Structure formats: C-alpha cells, structure tokens
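Here is a short note for a colleague who is new to this entry. Please read it with the structure open.

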Amino acid sequence: MSELFDFPKVEFIGGAKGLDFEASKGFNFYNPEEKFTINGETKSMKDWLKFSVAYWHTMDQRMVDPFGDGTAERPWDVNGEDDMSDLEHAKSKVKYMFEFMDKLGVEYFAFHDRDLAPEGKTLAETNANLDAVVDLIEAEMKRTGKKLLWNTSSLFTNKRFLAGGATTPFADVFAYAGAQIKHSLEIAKRLNSESYVFWGGREGYESLLNTDTKRELDHIAAFFKMAKAYANEIGYTGQFLLEPKPKEPTAHQYDTDVQTTIAFLYTYGLQDDFKLNLEGNHAYLAGHTYEHEARFAREAGLLGSLDANMGDKQTGWDIDEFPNDIYEATLVMYEFIKNGGLPTGGLNFDSKVRRASFKPEDLFYAHMAGMDVYAAGFRVATKMIEDNFLENIYKDRYSSFDSGIGADFEAGKANFADFENYILNKTSDEIFATVKSGRLEAIKATLNNYIYSVLGSTFNK
Ligand code: XUL
Ligand code: CO
C-alpha cells in the first residue's frame, strides 16, 4: 500500500535530537517497549498506557466553531470537503485511520456509531450503512492487530434527540435510542470492544419548568439495566462506563461529576455494572481538577478509563485541547498507578487540534505531544510512588489516629463521652500544640523537583 500520510513512523528518540519537538519527529518520553512494574506486575509502557485515537476528532473533526467554517485540510478530502453523507466516502476513510494509528504506534481507537457512516431514512438503513463501515474496520483490525478501546452511540447529534435519548419525554425517541444502543452493543461484541461508554450527551435539562426530573432519572436507570441485560444476553462482557460532564450541551447534565454519578449508580443499584470514564476538560467545567475526579473515582473502585484532554481556563468551554500540562499529567498518573492501571480502559485522546492547526501533520504532532506528556507524567508518578513521597505525607499528617484516642476512635472503641473525658480539661495551647503545619509550599516545591529530576535524567540520557 502506498503511503497515505506524508509523515515518518514515530519512534522513541529520548532527547537525542535536541529540544525542537517538530524537527525531531520522535517521542522524548514515550518509549513503548520500556518495562515498568506496578504492584508487582511488569508490563511495557504501551501496555500500561493504552493510548487510543478518537475517530470523531481525528477523522471527522473539521474544526468548525460557532463563528466560522471548518479549517481542516485532510488527505481524504474530495474537493476540499469531507462529505460524510456519502457512504462510499465514509468507507474510504477507514484505511487512513489505520495508517495513522500505525505510524503513531497507537494500538487502540474509539468511535461513536455516527462517526463512521451516514444515517439513512430508517434505523434499518442506518444500521446497514454502519455495518458496511464496521466490516472494513473489522478487516483492518484483523490485518493490523489494532484493538477497540471503546465504542458508543450518539444519542445527541440527530434532531430527534433534542431533549435527550434515554431521558427524552417522547416514547418513540426513547424506543429509537434503545434500538440504536442494541445495535451498538452488537458491534461492541463483534469487535471485542474492551469497554462500552455512555456519555449523557443531552441527558439533562435546560429548565426545571418543563422537566420531570424524577421520571427522566427513573427512565435512564431502567435504560441502563436494559442495556446490561442485552449485553448479558449476547455475551458481551466489556466494561460499561459512564462519562461525567456538568453542562454543555444542556444547562445541567445529570452525570455532573464523579461524586454525583456515583450517587446515581448507588441510588439505582447500578454500581456493580458500571465504572467511570473521566475527561480532563469535563473536570474543569465541573469546577474540579482532573486529578480530583480521578481520586474520587479510584477510591470508590470505579476508575474505568480516561479521556485524555484538557480545557482552557479563559474560554470555559469544552474545547477538548490535546493535553500538554505536565503537572496535571503527573497527578492524574499518580491516581492511575495507585489504581493499578486501567485493565479495561486506557488513555483516549478525546482531543482536537486547534482551529489554526489545520495541516495533516498537526494531527501527528498533537497526538505525539499528548502521548509524550502522559508518558512523562507516568515516569514522574512512578518515581514518586516508589519513594512513598505522598504516602509519607499522608501517614505523618494523620499519625495522631495511630495511637491513643485517635486509634480508639478508628477501632470503634470511643464515643462522645470518652472524647469529653479525654479533652475537657486540656488547655487550648495543649491542643494546638498537636496541630502540624500542612507544609503545602514545601510539598509543591518537592513535587516540582520530582518533575525536574525524573524528566531531566530521561531527556538527557
Ligand atoms: C463530549 C465527550 C464525548 C464522549 C463520548 O464532551 O466527551 O465525546 O467522550 O461520547
Ligand atoms: Co469524552
């Protein structure tokens, strides 16, 4: 096959070619075959991190914004257009996707049903279009060994879903959503998808004044149970994931953030069937950091997968920028390693190039930079954990619960009367003498030292 992209196969070069990332065309920190041990398990970097290319951004995104036309130049364009209403054109893109993954050295990908093929007049026609592209994807997967990290259904693009898919007030639309998911689960089974994602695209509300919120939540919970029952029926065993996001496109999305989504899962008894897919930009929109979302999901045993992207503090939209923040990547990778990695998940680039980065090679640099920053964060976090850097801080800060009244309380051996006996006649000075400094300035400086030292020694090797 002649080459579709004018870009070399990307390899690990460390810092061998100097500081100019664009000129060096190689990874500085992502060394796919290098071995790392987590919790006694040794695997190569590529098998820990499991990077994934998102079909909707990398293949379909034209970089339109509310004020302007698309700017993208892509080698699959015909007369400067990417006509996704034409099934033959949609089919022609599959080979580009697989060459792109191959050149980048990424083993996984992810898609929505509607990313792949145009809708027909009926669901039957739509499914036939989709299957025609899935046939090609299946053949390419067999040929190349690439794997599907997750697939999902778009219950938000078509106008029928203007008020939601599984929370729509309209029963025919609800039935359509169920039938659409049924087919997506069949595709998940067929392509051996490691997970199946539900992002609540329009599952939320614009106003309480026209929304029966209780009825909508009961509906979507029942819908999820039906999805699980159908997966069981056809023997699809991939991990189900919910993806929290607080707003956009609706004013309020039901899966607002990790803790809200966990409450929903427990309220409806779904906690054993679902984990969470977390996205950096969604965390910002919820007023959190990405590492906050990862921490709370991990501690609930529900950290399933990561959509690796970031937002912008100035715009406040879901801009899906490719990740480039080493500090954030380090702290998210800390949670990732504490979680023992993501057995059925990975790092999916739900990310798009900036509107002004319209050349095909920008797609390569963007993915390479995202892979490198998470590989760098992974290296730093590995060293932090090896040294028990944060663990020692936590242990020391809570050490008063390791003996005396604190230990009695934790063991369930102290009540309020015991506290009163213990504390009633201590002076305020005596009590404050037990309170220790949080040392946050020094801790943050040590964290920076980890970043300088680990990355400096890798880059300058
Ligand atoms: C939207 C978003 C989606 C999901 C999959 O903000 O993140 O692309 O990841 O539907
Ligand atoms: Co996402």
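**Notes on the two ligand sites**

1. Start with His-112. An N or O atom in the side chain of His-112 lies 2.6 Å from an oxygen atom of ligand 1. Keep in mind that this is a predicted model.

2. For Lys-245, the distance from an N or O atom of the side chain to a ligand oxygen is 3.0 Å. For Glu-279, the corresponding distance is 2.6 Å. Taken alone, ligand 1 exposes 300 Å², and the protein buries 94% of that.

3. Look next at the shell around ligand 1. Its residues are Trp-56, His-112, Trp-150, Trp-199, Glu-243, Lys-245, Glu-279, His-282, Asp-307, Asp-318 and Asp-350. By class, 6 are charged, 3 nonpolar and 2 polar.

4. Ligand 2 is a cobalt ion. Which residues coordinate the ion? They are Glu-243 and Glu-279 through OE atoms, and Asp-307 and Asp-350 through OD atoms. The distances run from 1.9 to 2.1 Å. Glu-243, Glu-279, Asp-307 and Asp-350 also belong to the residues around ligand 1.

5. Ideal angles for six octahedral donors are 90 or 180 degrees.

6. Check the donor residues along the sequence too. Their spacing reads E-x35-E-x27-D-x42-D.

Conventions. Residues are numbered from 1 along each chain as its sequence is written. Chains are lettered from A and ligands numbered from 1 in the order in which they are written. This is a predicted model: local features need pLDDT of at least 70, side-chain atom pairs count only at pLDDT 80 or more; totals for chains, interfaces and linings use all residues. Side-chain values use heavy atoms; hydrogens and water are left out. A residue is near a molecule or strand if one of its heavy atoms lies within 4 Å of it. A polar contact is a pair of N or O atoms within 3.5 Å; within protein, one must be able to donate a hydrogen and the other to accept it, and residues adjacent in sequence count only if both atoms are side-chain atoms. Accessible areas come from the Shrake-Rupley method with a 1.4 Å probe; for residues, only the protein chains shown count as cover. Ala, Val, Leu, Ile, Met, Phe, Trp, Tyr, Cys and Pro count as nonpolar, Asp, Glu, Lys and Arg as charged, and the others, Gly among them, as polar. Donors are N, O and S atoms within 2.8 Å of the metal (3.2 Å for Na, K and Ca); water is not among the atoms, so sites may look incomplete.
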